[in-house]
Every structure is written in structure tokens, then in C-alpha cells.
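Thanks for asking me to look this one over.

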Amino acid sequence: MTGQTAGDLLRMTDAGRVHHAGTPAEVHALRSFSLAVAPGELVAVMGPSGSGKSTVLHLAGGLDVPTSGEVVLDGVSLGGLSVRKRAALRRRAVGYVFQDLNLVPALTAVENVMLPRELDGVATSTARTEALAALEEVDVADLADRFPEELSGGQQQRVAIARALVGPRRLVLADEPTGALDSLAGEAVMKVLRARVDAGAAGLLVTHDAQHAAWADRVVRLRDGFVVGTTGDLVHGVGRAPAGVVGDVAGGQR
Amino acid sequence: MSIRHSLLSLLAEGDRHGYQLRQEFEGRTGGTWPVNIGQVYTTLGRLCRDGLAEEVGKQDDGSVTYRITPAGKAEVDTWWTSPVTRAAPDRDETSIKVALAVSSPGVDVLAVLETEREETLRALQAYTRAKTRIPDHPTGGELARLLVLDQQIFTAEAQARWLDHCEQRLAATQGSVR
């Protein structure tokens, strides 16, 4: 926790997202949310459904843009970018791991991991070398030539983590990555994610499972679009959420 | 927690001195429940009184060797094969605090829940960090420690889920639409 900001792979500052603004159906999905994630850090976002945790992930990954505040990905502010440039930045900087349906069924494990690099325009042989190295880092290099249906759920998630962090990508966004797994397989996936982060990646994890959130350095809890609690500073050196915000929500009657 | 049965089960594996029993108990339960040597000797005294163990020799340094009796072996067998009674759960301070908070005027129950939840999550993080220091294929004392840590993690997780549930129930009781 150094207060230094230049190294953050993700920096969200007062980010808010309003749907149907100015109409009776107006919904504040997220309110004034600030969070920084540096290399070597894993941050978990928890909360009930509708709390805004998916919105955090969508904004962090540039899949959606905030209606207020700013999102800076790998040093570039998403706000001023065209849709096309935003997509390019997203592809270059961010990898995703979802609960399931992560891998292309018709491709082998190594081909799945090569895919983002081939889209980057990297030569096939280079992409293959990088993909094998990425699989090695998550301990499934021996499964490189298997198809997804020949892999267990836990093995598929390891391949998905390898794909998320192949090549220059250093930020992995994970949405309930252990959701469909039994407790030991889920633990193994969290161990791999933790190890990749400890090796220099940055991770943002959305989960409703406290046991998996506990692998993170910081756990942020959301309710109704507000931060209601955190086990650490949201933004290094800046301090936790203002007490007033927490108190307002704790008051409860909205 | 039954120190009595734990020590007796160790004696069932062979004769031991008091300090050996203490060392073995702590090592094999992952160092989670420290016992002081006085507690060990008090327990051994009671086991001898009840005919479940006996003194079988004294060394020059005064340390006594204990041996399990046939009655003691039967007692250990019964312990392994019967469930630990859950009829009288330990007093849990968090439950008591939350229960009182609901009926105490001027106490912000949701704030109490949030404070407890943050502490529970911090504990979960600490247990999880401790778990990462155990090798991938643990044996002996490390495996015991891992299983005990797992138990603490599952218990803390249950606590976190219960605190979430309290919050939802309070919201439902107060008539908010969820």
C-alpha cells in the first residue's frame, strides 16, 4: 500500500452507472465507486444480486462505460475512447474468466489459449509457444492437446486463467470462476489465480462466496450500488469509503 | 472440548509421559488448541482415578509413564464410534450480540452486522493465508493442520452467510421490497 498510482492496472475513480436516467425507471446500478488494483493484487467484490458487483466488472473491463467518474485501464482512460479503441484496449489489457462456457469446444486447450494472441496478430508458432508457457504456469501443460469436454471443470478453469493472462495481459477479471465446482476443485482454481497474481498479474474477482473471496488481498462489499464495507483500503493510501456513505446505507431505508 | 478423550486416544497408541501427550496433542491438532501441562496432569490424574489409565513407572527425573487400561481402551472405542453431542452448542458471542442488538434501543443493527462481517472476512483471509503455507501434498501433522484450518474456514464462511441472512431477514421484516 504505497499510495503510488502509476503502476495500477485498473483505477476506478467515483465511477457511477445509471440506467434509464431521468425516467421513472431510473436505476443507480453503481454509485461513486473508487478502486485501484495494482500488479500482485487480488481484489474480491462481494454482494447480493443487484448490489452492483457485475457492474463493477463490466466497467473495469471496458464492456460498459460509467455515466459518471472515470475508469483507467493500464494507464488509459476509457472515457475518451471510441468504441473501437476501447475494444482494442480491452483485448490488449484484460482477460476474462467466467463461471462456465469459457472455452471454445471445437478447439484444444492450447488452441483456446492461442486464440487471443492470434487475434493480436502474433504468428501462430509464437502464439503456440506463449500458450504452452501459459498452460505450464497453471500446471496443465500436459493437457494441452485435449478438448474442453475431455477436461474436468477445474481443469477448464485453469485453461481459462491461462488464456486470460496469455501474452502481455496482466489484468484478469473473474466472474464467479469457482461457481460450478466442488469445494476442492474450487480451491485449486483459487490457488492458481492467487499464484498468477503473486507472479505479477492483477486480479478482480466477483463472487458471492466468502470462502473464495478470502483468497483476495482486499474484499469489498456492495449493496444497492454502494460500498458497505471493505477489509482494506479501496484506493491505496487514500483510505476507505467515507463513513457517511457507509452510515447512510447502514441506515437502510431507501 | 474433551481433552480427556483426546489424551486417552493418544495413550491407546502406546505408553506416554505427560509432556509427550501434550506435545503430541498440539502437533496433531495443528497447534490450534494449546493445552498447558497442568491441564494434562490434572486430566491424567482423573483418568487414573477413574480406572481408565495407570501409572507404570517413574524415571530418574521424576517423569511418570502412563498406560491405558482395558476399561480405557473401551472408552476410546466408544468415543470414536459415537457422535459428539451438539445438543448444547458453545456460547457464541456474535449470535448473542446480534440477538441483543435487535431489541436494544438506539443500536444500529445493520452496522453491528457489518462490523461482524468485516471481522469474519478478515479471519477468513487469515485462515486462507495460513492454508497457502501448507504444501500441496501434506502428510501427518501438516494434513491435520490443513483439516483443522478447513474446519475454521467453513465455520467462518457459515458465519458470513448467516450474517448476510440476518440482514436480508431484517430488511424483509421491515417491509422493504427485495
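1. A word on terms before we start. A residue is called buried if 20 or more other C-beta atoms lie within 10 Å of its own, exposed if 12 or fewer do, and partly exposed in between, with C-beta atoms placed from the backbone. Ser32(A) has 18 C-beta neighbours inside 10 Å and therefore counts as partly exposed. This residue has a positive phi of about 40° although it is not a glycine, and its place is in strand β2 (residues 27-37) of chain A. Helices (H or I, at least four residues) and strands (E, at least two) are DSSP runs, numbered from the N terminus.

2. Please keep the origin of the model in mind. This is a predicted model, in which local features need pLDDT of at least 70 and side-chain atom pairs count only at pLDDT 80 or more, while totals for chains, interfaces and linings use all residues. Residues are numbered from 1 along each chain as its sequence is written, and chains are lettered from A and ligands numbered from 1 in the order in which they are written.

3. Asp74(A) also deserves a look. Its phi is positive, about 50°, although Asp74(A) is not a glycine. You will find Asp74(A) in the loop between β4 (68-73) and β5 (76-77) of chain A. Asp74(A) counts as partly exposed because it has 18 C-beta neighbours inside 10 Å.

4. Now to strand β3 (residues 42-46) of chain A, where five of the five residues are buried. Both faces are covered: Leu42(A), Ala44(A) and Met46(A) are buried on one side, and Val43(A) and Val45(A) on the other. Two strands pair if DSSP finds at least two bridges between them. β3(A) runs parallel to strand β8 (residues 202-206) of chain A, joined by four bridges, with Val45(A) opposite Val206(A). Four bridges also link β3(A) in the parallel sense to strand β9 (residues 218-223) of chain A, and there Ala44(A) stands opposite Val219(A).

5. Which residues have the most contacts inside the largest nonpolar core? They are Leu10(A), Val43(A), Val113(A), Leu135(A) and Ile161(A), in a core of 81 residues. Such a core is a set of buried Ala, Val, Leu, Ile, Met, Phe, Trp, Tyr and Cys residues joined through C-beta atoms within 7 Å. Apart from it lies another core, of 11 residues, among them Leu11(B), Ala53(B), Tyr66(B) and Ile68(B).

6. Chain B has an open sheet of three strands in the order β1-β3-β2, with antiparallel pairing. Its edge strands, β1 (16-17) and β2 (53-58) of chain B, each pair on one side only. Five bridges hold the antiparallel pair of β2(B) and strand β3 (residues 64-68) of chain B, and Glu55(B) stands opposite Tyr66(B) in β3(B).

7. Last, the contact between the chains takes 12 residues from chain A and 15 residues from chain B. Two residues are in contact if their C-beta atoms, placed from the backbone, lie within 7 Å. On the side of chain A that touches chain B, α7 (210-213) and β10 (226-230) of chain A are the elements that give two or more residues. The largest share, three residues, comes from α7(A).
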